[in-house]
Amino acid sequence: MNEHTPTPWRAVIYGNSEWEVWGGDLLVADVTTPEDPLQPEVAEANAAFIVRAVNSHTALLAALKSVEWAGLAKSCPSCGGYEHAGPRGAGAGHAPDCELAAALRAAEGE
Ligand SMILES: [Zn+2]
């Protein structure tokens with residue numbers, strides 16, 4: 001898999017109703033909405049959400065991993081599963097419906 005454009009990304013207004021998301025000097029995305037009715041505030045909110053999500057991804061993933069196997073018992077604070085209940089790695093020892101494990105899988109693209 002290729003590496004994504006380095007963060008931080010930023011949202012920049014383009015014209016009267018479109019927004020762009022930039023990473024450094026590279027245009028990453030055009031953010032628009034349907035023109036009928038024109039909703040520039042939705043394009044702005046979507047661009048801002050993309051930027052917040054991308055720019056916080058690394059810190060949020062690190063924070064999740066830091067609490068995944070908490071305490072001396074090395075248990076998941078979400079489902080109560082134990083780290084050593086399964087093979088190491090994301091999902092090891094978690095209950096099938098564990099929200100923390102699901103968030104980790106989603107954040108890591110699994
Ligand atoms: Zn869990």
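Lysine 74 is partly exposed, because 14 other C-beta atoms lie within 10 Å; a residue is buried with 20 or more other C-beta atoms within 10 Å of its own, exposed with 12 or fewer, and partly exposed in between, with C-beta atoms placed from the backbone. You can find lysine 74 in the loop between H1 and H2. Its phi is near 55°, a positive value in a residue other than glycine.

Before going on, please keep in mind that this is a predicted model, in which local features need pLDDT of at least 70 and side-chain atom pairs count only at pLDDT 80 or more, while totals for chains, interfaces and linings use all residues. Residues are numbered from 1 along each chain as its sequence is written.

Another backbone detail sits earlier in the chain. The peptide bond from threonine 7 to proline 8 is cis, with omega near 5°, and proline 8 belongs to the segment before strand S1 (9–14). For background, most residues other than glycine have a negative phi, and most peptide bonds are trans.

Now for the overall layout. The protein chain holds two helices and three strands, in the order β-β-β-α-α along the sequence. Helices (H or I, at least four residues) and strands (E, at least two) are DSSP runs, numbered from the N terminus.

How do the two helices meet? The axes of helix H1 (residues 40–68) and helix H2 (residues 99–107) come within 10 Å and cross at roughly 145°. These axes are lines fitted to C-alpha atoms over the stretch in contact, with angles from 0 to 180 degrees between N-to-C directions. Two residues are in contact if their C-beta atoms, placed from the backbone, lie within 7 Å. On the H1 side the contact is made by His57, Leu60, Leu61, Leu64 and Glu68, and on the H2 side by Leu100, Ala103, Leu104 and Ala107.

An automatic or database domain assignment gives domain 1 (1–62) and domain 2 (69–110). Their centres, taken over C-alpha atoms, are 31 Å apart. Here are some lengths for the whole chain:

| Quantity | Value |
|---|---|
| Radius of gyration of the protein chain | 19 Å |
| Span of the C-alpha trace along its principal axes | about 55 × 30 × 25 Å |

The radius of gyration is taken over C-alpha atoms, and the globule rule is 2.2 Å times the number of residues to the power 0.38. Finally, 13% of the 110 residues count as buried.
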